[in-house]
Amino acid sequence: MEVDVLSTPKPNWLELPRDITMNILQRLCTLDIVTSASVVCPLWWNICKEPLMWSTIDMITGISMDMITDLSQSDSYYFEYYRRLERICRYAVDRSCGHLKEIYIKKFGTDDLLIHIAKSASHLRSIRLEKCYDISTAAFNEVVKNQPFLEELDIFHCYDYDQSTDFFEFIGHSCPLLKSLKFSPRIEKVGDDKCDDLALAIAKTMSKLRHLSILNNELTNNGLLAILDGCPLLESLDIRGCLYVDLDGSLGERCSAQIKELRFPNSYSAK
């Protein structure tokens with residue numbers, strides 16, 4: 001017996017409302033938007049030209065360094081790949097026309113790129129820099145000094161950033177609305193000398209923090225106590241690798257009472 005099956009027409013994606021299409025495209029990483037989605041058809045190209053499409057620039061997702069097969073060419077390949085990623089990021093920043101809110105960069109960041117961002121965006125809410133070894137503290141400061149609305153800052157294994165009082169006080173004074181700070185130094189080994197400079201700078205200038213992660217730092221119980229006093233809104237605290245902190249006794253009780261989510265110094269700190 002033959003059964004008639006009604007054929008269901010395939011959806012025409014071009015007939016979707018423009019705002020829904022934009023919402024879908026915004027879920028892609030920046031690399032995919034620039035190199036793929038924007039060249040699919042004229043409609044998508046026009047949508048991708050709108051500044052609101054670039055309110056988030058994600059240059060971490062979709063970035064792969066595992067495509068090298070000829071190790072003899074690896075250095076030149078990395079250089080060209082990084083430069084291509086930097087050009088794509090600059091293109092996206094320019095497309096945002098001042099609407100940039102979030103930017104995430106991995107490995108290819110440079111001083112010139114950060115200066116370009118500093119001149120193009122003044123309403124950033126979130127910055128993440130991961131393994132950006134060619135960015136200096138001076139260039140980073142050029143960005144944050146123009147970001148009074150910044151709420152989230154994540155610095156992971158970046159080369160030239162120091163842990164001085166001045167560096168973190170500058171961040172705190174420049175970004176009074178900062179709610180989340182994550183800092184992990186490139187050198188994961190804790191130094192021999194105890195030092196509470198970072199902790200005291202945070203306590204002094206970042207009173208609105210709700211989430212704090214400082215990995216492999218030389219802070220002591222005194223520094224942690226200063227943070228608890230200076231950041232009364234703190235909800236989560238990650239101090240993995242901070243081996244000079246001892247949470248036995250009253251300080252541990254204070255942390256348990258004030259902090260909802262606590263990651264302990266002796267926990268594994270790889271990210």
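Analyst: The model contains an open sheet of eight strands in the order 1-2-3-4-5-6-7-8, with parallel pairing. Strands pair if DSSP finds at least two bridges between them; strands (E, at least two residues) and helices (H or I, at least four) are DSSP runs numbered from the N terminus. The edge strands, each pairing on one side only, are strand 1 (56–59) and strand 8 (261–263). This is a predicted model: local features need pLDDT of at least 70, side-chain atom pairs count only at pLDDT 80 or more, and totals for chains, interfaces and linings use all residues. Residues are numbered from 1 along each chain as its sequence is written, and side-chain values use heavy atoms, leaving out hydrogens and water.

User: In strand 2, which residue is the bridge partner of Met59?

Analyst: Met59 has Ile105 as its partner. Four bridges join strand 1 to strand 2 (residues 102–106), and the two run parallel.

User: How are helix 8 and helix 9 placed against each other?

Analyst: Two packed helices are described by the angle and the distance between their axes. Here the axes of helix 8 (residues 197–205) and helix 9 (residues 221–230) come within 8 Å and cross at roughly 10°; axes are lines fitted to C-alpha atoms over the stretch in contact, with angles from 0 to 180 degrees between N-to-C directions. Helix 8 is therefore roughly parallel to helix 9 (an angle under 35 degrees). Contact (heavy atoms within 4.5 Å) involves Ile202 of helix 8 and Ile227 of helix 9, among others.

User: What else does Ile202 touch?

Analyst: Beyond four places away in sequence, the residues touched by Ile202 include Leu181, Leu209 and Cys231.

How values were computed: Parallel < 35°, antiparallel > 145°, perpendicular 65-115°, else oblique.
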